Amino acid sequence: MAESDAGLLLYCITGASSTSPVEGTGVRGGGLRNIVHGGLAAVVSPLEEREWVATPTTAELLEYERIIHSWHAIADVLPMRFGSVLPDEAAVRAHLDEHRATYPRALERVSGCVEMGVRALLPTPPPPSAPVEPVKPMSRSGASYLEALRHRYSAENRLKDDCAALERAVLTKVAPLCREHRAELSRPRPGEPALCSLYFLVPRDRVPAFRAALSPDSGELPAKLALSGPWPPFNFVA
């Protein structure tokens, strides 16, 4: 098969033993195919041009994600970040060689699992009673500058504590149902709530029980939760 001059778009890595004949097309119509090497397989499609990868549309990102989902439906996969492009098949094989130790361990880590997500909006602490001068640090007084820093770090620490408390509360309900978990707190914009995101690596056969454990009927939690998934293990690859 002729290589594309613009390279190959990489979707996911899977085990060579779990590959099946590839059908369909990738993002922007390039034919999907497997490159099998060293016990691993890379799912790729050729690019006719490379410039668009830097500024994809929402539809293209969703199509990329859909293709990874379709592979995850039939096999354990390591999803790649959108924009992972290698020059040609030789480069893909070299990439698999480079990761011949880490990719099998990562596949074993997520074997038989999906990712479930839990998100909650946390209220930000109120601003200080005395307004902080919205001026450059060099032009404000030392006391007001230090007070602004103190309030900022105090608010961030409180949000971290609230996110950790939410994680502990959720784990009281789902710890026996997940293999791993992690939390992520986004820095909020001024005056807006902070997003606390919890990610769980859940065996496929435990997804119904996981959902039931966090249903509104399962008991009170310290925040209103938004449950999503199952997803490929995007947050358990690194």
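The torsion about the S-S bond of cysteine 163 and cysteine 196 is about 70 degrees, so this disulfide, a pair of cysteine sulfur atoms within 2.5 Å, is right-handed. The model is a predicted one, in which local features need pLDDT of at least 70 and side-chain atom pairs count only at pLDDT 80 or more, whereas totals for chains, interfaces and linings use all residues. Residues are numbered from 1 along each chain as its sequence is written, and side-chain values use heavy atoms, with hydrogens and water left out.

**First stop: the cysteines**

Select cysteine 163 and cysteine 196, whose sulfur atoms are 2.2 Å apart. Cysteine 163 lies in helix H4 (residues 142–174) and cysteine 196 in strand E8, so the bond ties together parts that are 33 residues apart in sequence; helices (H or I, at least four residues) and strands (E, at least two) are DSSP runs, numbered from the N terminus. Both cysteine 163 and cysteine 196 are buried, where buried means under 20% relative accessible area, exposed over 50% and partly exposed in between (1.4 Å probe, protein chains only). A search of the whole structure finds one disulfide.

Select cysteine 178 next. Its sulfur is 9.4 Å from the closest cysteine sulfur, in cysteine 113, which is too far for a bond. Cysteine 178 is buried, with a relative accessible area of 13%.

**Second stop: the nonpolar cores**

Now display the largest nonpolar core, which has 37 residues; Leu9, Tyr11, Ile13 and Leu78 touch the most other members. Such a core is a set of buried Ala, Val, Leu, Ile, Met, Phe, Trp, Tyr and Cys residues joined through side-chain atoms within 4.5 Å. Among the elements that each supply at least two residues are strand E1 (8–15), helix H1 (58–72) and strand E8 (194–203). E1 gives the largest share, six residues.

Centre the view on isoleucine 13. Beyond its neighbours within four places in sequence, its contacts (heavy atoms within 4.5 Å) include Leu40, Val77, Leu78, Leu96 and Tyr103. A second, separate core of 23 residues includes Cys196, Leu198, Val202 and Val207.

Finally, select Tyr11, Trp52, Tyr64 and Phe82, which form one aromatic cluster. Rings of Phe, Tyr and Trp (its six-membered ring) pair if their centres lie within 6.5 Å; planes under 30 degrees apart count as stacked, over 60 as edge-to-face and the rest as tilted. Tryptophan 52 and phenylalanine 82 form a tilted pair, 5.9 Å centre to centre with 55 degrees between the planes. Tryptophan 52 sits in the loop between E3 and H1, and phenylalanine 82 in the loop between E4 and E5, 30 residues apart. Tryptophan 52 counts as buried at 6% relative accessibility, whereas phenylalanine 82 counts as partly exposed at 22%.
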